[in-house]
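Dear colleague,

Please find below the structure that I am handing over to you. A summary of the findings follows it.

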Amino acid sequence: MVQKFMVIPSSLIGSAIGNVFMREASEEWRMSHICWGIYKKTCILLTGIGIIVFPIIFVAAPDLLPYFLGEKWRMSGEYIRYLCPMFFMSFIASPLSSMFAVAEKLKWDLIIQVVRCAMIYGGMMAVFSISQTGDGAVVGYGLAFFVFHFWNMLITMKWA
């Protein structure tokens, strides 16, 4: 539920910005094989929106979810807090990941997605083995995904 609560709104905004980015980046790429300007502009826009929205979510989620959905949802609010950095990085990196298609690097995208699965499983198991709690698994998931999205963004930035 946490994933759905956070992903649906940020996906709507991110995919709208990502569609514009892909169209403009594709045009620039066709002309010069460089689209750094639009990449940087999109990255700054997404970061600016994220810096405003995600700290508010981080602070408010544990109290807002129980207020609107009932006390049983308090733990979901805490999970949102644990995963907020991951959602922030995903909000920035996901629209920019269309750079794989723009730069015609889809084989690399496949390899990176396989690495993502291993990173997430490894991150969850590593933190869970230390903490032995469900919270630890959630934190490990969030850390692994954060690192993955950051790494993914560095790769697409290099190609732009």
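At 41% relative accessibility, Leu-64 is classed as partly exposed. Please note that the model is a predicted one. Leu-64 belongs to helix α2, which covers residues 36-69. Together with Tyr-67, Phe-68 and Leu-69, Leu-64 makes a nonpolar surface patch of about 490 Å².

**The chain as a whole**

The chain contains 6 helices and 0 strands, and its elements run α-α-α-α-α-α from the N terminus on. Along the principal axes, the C-alpha atoms fill a box of roughly 55 × 35 × 20 Å. Of the 160 residues, 37% count as buried.

Among contacts in the chain with a separation of 6 or more, 72% are accounted for by residues 24 or more positions apart. As for charge, the chain has 12 positive and 9 negative charges, and their mean positions are 5 Å apart.

**Salt bridges**

Side chains of opposite charge can pair when their charged atoms come close. The structure holds 2 salt bridges. One of them joins Arg-74 to Asp-63, with the closest N and O atoms 3.3 Å apart. Arg-74 lies in helix α3 (residues 74-96) and Asp-63 in helix α2, so this pair ties together parts that are 11 residues apart in sequence.

Arg-74 also forms a salt bridge with Glu-71, and here the closest N and O atoms are 2.6 Å apart. Is Glu-71 buried or exposed? Glu-71 is exposed, because its relative accessible area is 53% and the class begins at over 50%. Arg-74, at 31% relative accessibility, counts as partly exposed. Through shared partners, the salt bridges join Asp-63, Glu-71 and Arg-74 into one network.

**A buried histidine**

His-149 is found in helix α6, which spans residues 134-159. With a relative accessible area of 6%, His-149 is buried, since that class requires a value under 20%. Which residues does His-149 touch, if those up to four places away in sequence are not counted? They are Met-89, Ser-90, Ala-93 and Ser-94.

With kind regards

Key:
Residues are numbered from 1 along each chain as its sequence is written. This is a predicted model: local features need pLDDT of at least 70, side-chain atom pairs count only at pLDDT 80 or more; totals for chains, interfaces and linings use all residues. Side-chain values use heavy atoms; hydrogens and water are left out. Patches are made of residues with over 30% relative accessible area and no salt bridge: like charges are joined within 9 Å, nonpolar side chains (Val, Leu, Ile, Met, Phe, Trp, Tyr) within 5 Å. Accessible areas come from the Shrake-Rupley method with a 1.4 Å probe; for residues, only the protein chains shown count as cover. A salt bridge is a side-chain nitrogen of Lys or Arg within 4 Å of a carboxyl oxygen of Asp or Glu. Helices (H or I, at least four residues) and strands (E, at least two) are DSSP runs, numbered from the N terminus. Buried means under 20% relative accessible area, exposed over 50%, partly exposed in between (1.4 Å probe, protein chains only). Contact means heavy atoms within 4.5 Å. Lys and Arg count as positive and Asp and Glu as negative; His and the chain ends are not counted. The place of a charge is taken as NZ of Lys, CZ of Arg, CG of Asp or CD of Glu.
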